[in-house]
Amino acid sequence: MPIAAVISLCLTAGLLILSFIFKVAGKTRLAVPFLCLLLFSTVLNKWARENETLAFIILFSLVGLTVISWIISLIKVIQRRRDEKYFEDDVAWQIQRAREMGVPLDKIQFNEHGDLLDPRTGQPIVYGDGVQFKDL
């Protein structure tokens, strides 16, 4: 096998691996720290060797910011799922109460506040003594 073909094959495989690494780094938000590490180990090698402490501080700070962004995203996902669960429970409760009150439920509609609308009047259904329990 000619040397040129081996070099081409190795270069192609290397670029494929590098592309895969950047794709994974982008999905995990580690692209900037990975790029920083790549620069420190290649182009900025002399500077990184002379300023090793600063280079590590920069690298660890970028990784720390990435971890903080993961934590914030996790908290937002947990809150969103909790809100969806509360909303589903509230909708089920409103439908159950409307059914108990004899409201026809053939065309169920909710307004922007999540209140079940009475299909006869188009107004939110009032449960109990004129107080909507979900607002308490």
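Q: What do the helix axes and their angle refer to in this predicted model?
A: Axes are lines fitted to C-alpha atoms, for helices over the stretch in contact, and angles run from 0 to 180 degrees between N-to-C directions. In this predicted model, helix H1 (residues 3-27) and helix H2 (residues 31-41) pack with their axes 8 Å apart, at an angle of about 140°.

Q: Which residues make the contact of H1 with H2?
A: H1 contributes Leu18, Ile21, Phe22, Ala25 and Gly26, while H2 contributes Ala31, Phe34, Leu35 and Leu38. By class, 8 residues of this contact are nonpolar, 1 is polar and none is charged. Gly counts as polar, whereas Ala, Leu, Ile and Phe count as nonpolar.

Q: How do you know that the reach of H1 is close to the expected one?
A: H1 has 25 residues. The expected span is 1.5 Å times one less than the number of residues, which for H1 gives 36 Å. From its first C-alpha to its last, H1 reaches 36 Å.

Q: What makes the phi of Arg29 worth a note?
A: Phi of Arg29 is near 65°, a positive value in a residue other than glycine. Arg29 sits in the loop between H1 and H2.

Q: Why is Arg29 called partly exposed?
A: Its relative accessible area is 41%. Buried means under 20% and exposed over 50%, with partly exposed in between, so Arg29 is partly exposed.

Q: Why is Cys10 called exposed, and why is Cys36 called buried?
A: Cys10 has a relative accessible area of 52%, and exposed means over 50%. Cys36 has 11%, and buried means under 20%.

Q: How many disulfides does the structure hold?
A: The structure holds 0 disulfides. To count as one, a pair of cysteine sulfur atoms must lie within 2.5 Å.

Q: Why does Asp118 count as buried?
A: Asp118 has 11% relative accessibility, and buried means under 20%. Asp118 lies in the segment after strand E2 (116-117). Not counting residues up to four places away in sequence, Asp118 touches Val103, Gln123 and Ile125.

Q: What is Gln109 in contact with, leaving aside its neighbours within four places in sequence?
A: Gln109, which lies in strand E1 (residues 109-110), is in contact with Asp115, Leu116 and Leu117. Contact means heavy atoms within 4.5 Å.

Key
Residues are numbered from 1 along each chain as its sequence is written. This is a predicted model: local features need pLDDT of at least 70, side-chain atom pairs count only at pLDDT 80 or more; totals for chains, interfaces and linings use all residues. Side-chain values use heavy atoms; hydrogens and water are left out. Buried means under 20% relative accessible area, exposed over 50%, partly exposed in between (1.4 Å probe, protein chains only). Helices (H or I, at least four residues) and strands (E, at least two) are DSSP runs, numbered from the N terminus.
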